[in-house]
Amino acid sequence: HRINALAWKGRNKDSRAVLLGSVAATQEAQLWSWSLAPKDRYLAEPDPAGWHEMVFVTQGVLTLRLEDGTQQIRAGEHAIFSSAQQYAYLNDSEGVTVFVRTSVM
């Protein structure tokens with residue numbers, strides 16, 4: 001679930017913590033560091049029911065293809081979705097795309 005709530009701020013305006021999103025976890029959480037070269041892709045098999053993914057792009061643009069559509073996630077943006085479906089990560093750009101992926105059950 002998208003939240004985007006300021007959870008903490010420091011004395012300096014550049015010091016802050018923002019809770020981007022949350023999903024319930026019952027068994028496991030995995031933290032991944034990913035990079036996709038230009039024009040490369042990762043085609044995923046559906047996870048069992050109850051699994052979710054949260055991705056945060058740190059460099060480039062990630063194209064996320066889900067069963068109900070496609071979206072582009074730019075550096076500094078995130079997405080949260082059920083991974084109990086066919087999905088794919090694509091880099092349609094000319095530069096390397098880097099993102100953090102968290103898988104949660």
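Which of the 14 residues in the largest nonpolar core touch the most other members? In this predicted model, select Val55, Leu62, Leu64, Ile73, Tyr89 and Phe99, since these are the core residues that touch the most other members. Colouring by secondary structure then shows where the core comes from: strand 3 (29–36), strand 5, strand 6 (61–66), strand 8 and strand 9 (87–90) each give two or more residues to this core, and the largest share, three residues, comes from strand 6.

Next, centre the view on Phe99 and, leaving aside its neighbours within four places in sequence, display its contacts, which are Trp32, Ser33, Trp34, Leu36, Val55, Phe56, Val57, Thr58, Leu62 and Tyr89.

From Tyr89, move along strand 9, where Tyr87 and Tyr89 point one way while Ala88 and Leu90 point the other way, all of them buried. Strand 9 runs antiparallel to strand 4 (residues 41–44), to which four bridges join it, and in this pairing Tyr89 is the bridge partner of Tyr42. Strand 9 also pairs with strand 6 in the antiparallel sense, over three bridges, and here Tyr89 is the bridge partner of Leu64.

Finally, turn to the largest pocket, which holds about 150 Å³ of space, and select its lining: Val18, Leu19, Leu20, Gly21, Met54, Val55, Phe56, His78, Ile80, Val100 and Thr102. Colouring the lining by residue class gives eight nonpolar, three polar and no charged residues.

Note on methods:
Residues numbered from 1 in each chain as written. Predicted model: local features only at pLDDT ≥ 70, side-chain atom pairs only at ≥ 80, totals over all residues. Heavy atoms only, no water. 1 Å grid on protein atoms, 1.4 Å probe; cavity = no way out; pocket = protein on both sides within 12 Å on 5 of 7 lines; lining within 4 Å. Points joined across faces, edges and corners; volume = space filled by probe spheres on them. Nonpolar A, V, L, I, M, F, W, Y, C, P; charged D, E, K, R; others polar. Core = buried A, V, L, I, M, F, W, Y, C linked by side-chain atoms within 4.5 Å. Buried < 20%, exposed > 50% of the residue type's maximum accessible area, 1.4 Å probe, protein only. Contact = heavy atoms within 4.5 Å. Pairing = 2+ DSSP bridges.
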